[in-house]
Structures are given as C-alpha cells and as structure tokens.
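Me: Hi! Could we go through this structure together?
Reply: Happy to, have a look at it here.

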Amino acid sequence: MTRFRPILAVIAVTVLVLAGFSAPASAAVVALNLSKTFGTSGEGGTIVGWVTPSTTVTPFAGVTPVVQFQFSPTTASNTTCSDRAKAQTAIAASGSTSTAGVLTVDPAQVKRVTNWKIVFPVPTAGYPDPAINTLGLVLAGTQTQSRWLVCVYDSTSTTTSTLLASSSYTIAIKPTITSISPTNSPAAGGQAITVNGTGLAPVTGAITATIGGAALTNIKVSSSGTSFTATTGARAPATGQYLTVVAPGGTVTSQDPNGDGNTADAIPFTYSNAITVAPSTAPSGAPATLSITGAGFSGITFDPGVNATSSLGHVFLVIGAYDPQTNRGVAECVVAMVVSDTELVCDLDLLGTPVPDGAYIVTVVANGSTGAGLAAGASIISSGSVFVVAPY
C-alpha cells in the first residue's frame, strides 16, 4: 500500500493546482475615469467613462454595462459603491440635505465603445422611470453641492450582479455673480479684486476665472462659496470687458451675471491704459533709456525711428492728452526691444531733440499715422505715466 502513496500525493497536488485556476467569483473593481466629474443640478448631459486599457483588465467585455448613480454623503460611511446593484429609489431629503437616492441609467442608453470605455447620460427628470425619478439628479432644499457615486455593474440584479468599476460625480448649483469690486485694473494687472455671488465653491480643484481673456490668479474662495478674491492679470487696455467664472455648476459671465439671458444687469470691467516708466525723470540735453511696463506690446510692430508719422507703433513724450492730428508729442522714444507683452525698452534722445524742462505723459500708440481716418486717441495702447524732464 505504501508504494501507492506517492501517486496519491501527486493526484492531490494536481487537484489543488487545478482548483487554483478556477474562475474567481468576481473581478477586481477598477477606477473609472470620467470626462466630467461635476455638473449642474438637473442639467443632465453625457459622460464618457473609461478605465486604463490592459490585456488583463477588460471590465466591459462581454457584458451590457449597467450604470447607477448612488447618493454618497461625504460625512457618512457609505462612500463606496454597493457590491451589488441597488434597487432604484427616489431622491429623499431631510431639511436641506439629501439622505438617499439610487438612479439607474436605462441600459439601452449605455453604449459600450470598447472593453474599456462606455458612454452614458446623466439622469434628468423622468428618466428612465418617471414614477420614481421625478426630478433627475438634483440638489435638495438649500444644498449647493451633492456627491454621488457612479457605479458600473454587469447586470441590474440586486443579488447576483458584479461591480465592475466606480467613480464619483458632484452636482452643484449654477454660479452667479452679484458684484465685483473694484471694476477696474491697470493694464499691467496686479489688482486685487473681490467677486461676490453664489455657487463658487470648488469640488476637486480651484475654480478658474478670466477678465477679457486675461486669467485671474491667486483665487481664494470663501468656505460658503459666496465670494472669492483674486488678482488680475496683464491685458491690453480696454473698456467693457467681462468676468467669466468656471465653477462646478457651470460657467457664468458678468455680462449676464444671474444667467437669465438678460444683459441689463451686466457688470463691465475696465483695464485702464496706465503704464509705469523707469526712470521717471531725466535731465534735458541727455539720452535716457526707459523701461516701460504695461500690456499689449507684443502685437505691435514699432517704427525704428525713421518716420514719426508712419502707421507703425510709436512711443511719444506728450504734453497733456495725445491726439494723432494736433498733439503728437515733443519727442519720440525709439523702441530698442519688446521684452514681453508687458514690457518694452526704448531710447529717448533729449539731446538731439531739445525738450524743455517740464512734466510729460509717456504714450504708446499702435498706429502713429496722421490719417484722417484715425479718431483722436483711437490707437492709444498705454499712457498715463508722468515723465519729468528736469535737472537732478
């Protein structure tokens, strides 16, 4: 009998090895990437969801994916998807806070693009079951944000389905703007402003904002999401510019600050044409090299100093307000280098062109032509910095 023991042992080992290759009860849950991770309350929309492609991980192969949105309060323990698909339940609320809710996207509307990618809609009112989903994915009461889990299963079964992938999605109220203070900035930027409104709290990252296309920096949002402070960026001078804020609940502009389609309550913003000049003084009868800081310089081709009335850009030393026809200044500062969009360097000859002692205004113009078609001051890019010609 003993001589058969090795054979039995081999058989036993063989059985154990074969058992090791049996199919697992469920595949590992993978992280689902979303084309957008937040949206506006009740807005709906379409989301692309995907996992990192792999030859060993193909979560959507051979199945009709089922997508559920499951409410997940961040202060509670249920911050992960249920192991099995849940029965669809209406969004419940207690006071101003959602307390429950499971919305299942109609499987017919979930498109499997590849073994790693799906496309599906965000539930809106009445979809897919008007008897349960009367509102869609919405906020309750006075909520400003609400977090939901996006759970993908291989079936709708509440007992045998398998969780394939998961992520989270946040809905928020649409942002509004009620005031901006101040409503102006120098062309060089650097102006601290405060913006008041609603729906400004970030979700996964900072909100973004621009004025006339120039990005605001150092954005700091209040904990209530009703205001933020920021610093203006450099921009060519202009009036009638508008603040645009991109927040979790959507985009709002100060041209239509409450998003009702009416611009009667627009809040315009002005970038003034002030510049700074260093040095700001020089003695008459001597050359001076000036560093001018402003904005909008990189798009200008400056005259090399051979024709003061050319249609190229110029930097003039002017007594009072520049006028292309009647007040073109007493001297030209010939641009030697445009360092950046916000800085240029020019040479001012106070010797070859005698300039009396006095206070002047440095003015940068995009077009130095005297043509009749130029309205007074129309080509001014930056001005307002006082330059004094006087003995030290």
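**Cavities and strands**

Reply: The largest cavity has a volume of about 50 Å³ (on a 1 Å grid over the protein atoms alone, a cavity is a set of points where a 1.4 Å probe fits but cannot get out; grid points are joined across faces, edges and corners, and a volume is the space filled by probe spheres set on the points). This is a predicted model, where local features need pLDDT of at least 70, side-chain atom pairs count only at pLDDT 80 or more, and totals for chains, interfaces and linings use all residues. Residues are numbered from 1 along each chain as its sequence is written, and side-chain values use heavy atoms, with hydrogens and water left out.

Me: Which residues line the largest cavity?
Reply: Lining residues have an atom within 4 Å of a point; among them here are Thr144, Ile173, Leu200 and Ser224.

Me: And how much space lies in the second largest cavity?
Reply: About 30 Å³. Its lining includes Lys36, Glu43 and Tyr169.

Me: New topic: what is the strand order in the open sheet?
Reply: The order is S2-S4-S9-S8, with antiparallel pairing. Strands are DSSP runs of E, at least two residues, numbered from the N terminus, and two of them pair if DSSP finds at least two bridges between them. The edge strands are S2 (33-34) and S8 (111-112).

Me: How many bridges join S4 and S9?
Reply: 5 bridges, and Val48 stands opposite Val119 in S9.

Me: Last one: why does Tyr322 count as buried?
Reply: Because its relative accessibility is 7%, and buried means under 20% relative accessible area (1.4 Å probe, protein chains only). Tyr322 sits in the loop between strands S26 (314-318) and S27 (331-340).

How values were computed:
Helices (H or I, at least four residues) and strands (E, at least two) are DSSP runs, numbered from the N terminus. Buried means under 20% relative accessible area, exposed over 50%, partly exposed in between (1.4 Å probe, protein chains only). On a 1 Å grid over the protein atoms alone, a cavity is a set of points where a 1.4 Å probe fits but cannot get out, and a pocket is an open set with protein on both sides within 12 Å along at least five of seven lines; lining residues have an atom within 4 Å of a point.
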